[in-house]
Amino acid sequence: MGQKLGYVDTEYILNKHPDYKKIQGEMEALSTEWKKEAQNLEEGIQQMYSDLQGEQVLLTEEMYQERLALIREKQKEARAFNNRIFGDNGQLYQKQAELLQPLQSTIYDAIDRVSKRNGIAILFDKASSPTSIIYTDPRHDYSDFIIEELGLEENN
């Protein structure tokens, strides 16, 4: 007796969920705010450098080097800010994970219920690794069952 297989497309399911749209909006607003802050830091550095170039003839070598060191320190601070916010495990990534976790749990609970109800032994996620699935028969797509299980209308 063979095992029953199926697949879902979690990206499709997420895009049907109204909470996902709210999360995307919140993340976009936060990202825009932090990008503006990073841009302001960069513009401040550029202004400091322009000021230094304009005043260079009036400054002693020691004063010039002090200002240059201050600019370099500000550049270092700007890089640290960008890494802290936008880096691989930065605050933007952490905030997205924090906001998505409850929604993902809800979806995976629905996947579990649908899989058990339909006797599915193995369920693939088409969205997470499309390179490992080279063909899918639509009759094995359980995404709409998950959307139904979540109580979402199909036409969202």
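## Briefing on a predicted helical and strand model

Phe 124 lies in strand 2, which spans residues 122–125, where strands (E, at least two residues) and helices (H or I, at least four) are DSSP runs numbered from the N terminus. This is a predicted model, in which local features need pLDDT of at least 70 and side-chain atom pairs count only at pLDDT 80 or more, while totals for chains, interfaces and linings use all residues. Residues are numbered from 1 along each chain as its sequence is written, and side-chain values use heavy atoms, with hydrogens and water left out.

**Surface**

- Phe 124 counts as partly exposed because its relative accessibility is 42%, given that buried means under 20% relative accessible area, exposed over 50% and partly exposed in between (1.4 Å probe, protein chains only).
- Together with Leu 5 and Ile 122, Phe 124 forms a nonpolar patch on the surface, with about 240 Å² of accessible area.
- Such patches are made of residues with over 30% relative accessible area and no salt bridge, with nonpolar side chains (Val, Leu, Ile, Met, Phe, Trp, Tyr) joined within 5 Å and like charges within 9 Å.
- Gln 39 has its place in helix 2 and is partly exposed, with a relative accessible area of 47%.
- Between the C-alpha atoms of Gln 39 and Leu 58, which are 19 residues apart along the chain, the separation is 29 Å.

**Helix 3 and its cover**

- Helix 3 (residues 61–86) has 26 residues and reaches 37 Å from its first C-alpha to its last, close to the 38 Å expected at 1.5 Å a residue, a span taken as 1.5 Å times one less than the number of residues.
- Its buried residues are Tyr 64, Leu 68, Ile 71, Ala 78, Phe 81 and Ile 85, and what covers them includes helix 2 (18–55) and helix 4 (91–117).

**Ser 115**

- Ser 115 is found in helix 4 and counts as buried, at 11% relative accessibility.
- Leaving aside neighbours within four places in sequence, Ser 115 is in contact (heavy atoms within 4.5 Å) with Ile 120 and Leu 123.

Key
Accessible areas come from the Shrake-Rupley method with a 1.4 Å probe; for residues, only the protein chains shown count as cover. A salt bridge is a side-chain nitrogen of Lys or Arg within 4 Å of a carboxyl oxygen of Asp or Glu.
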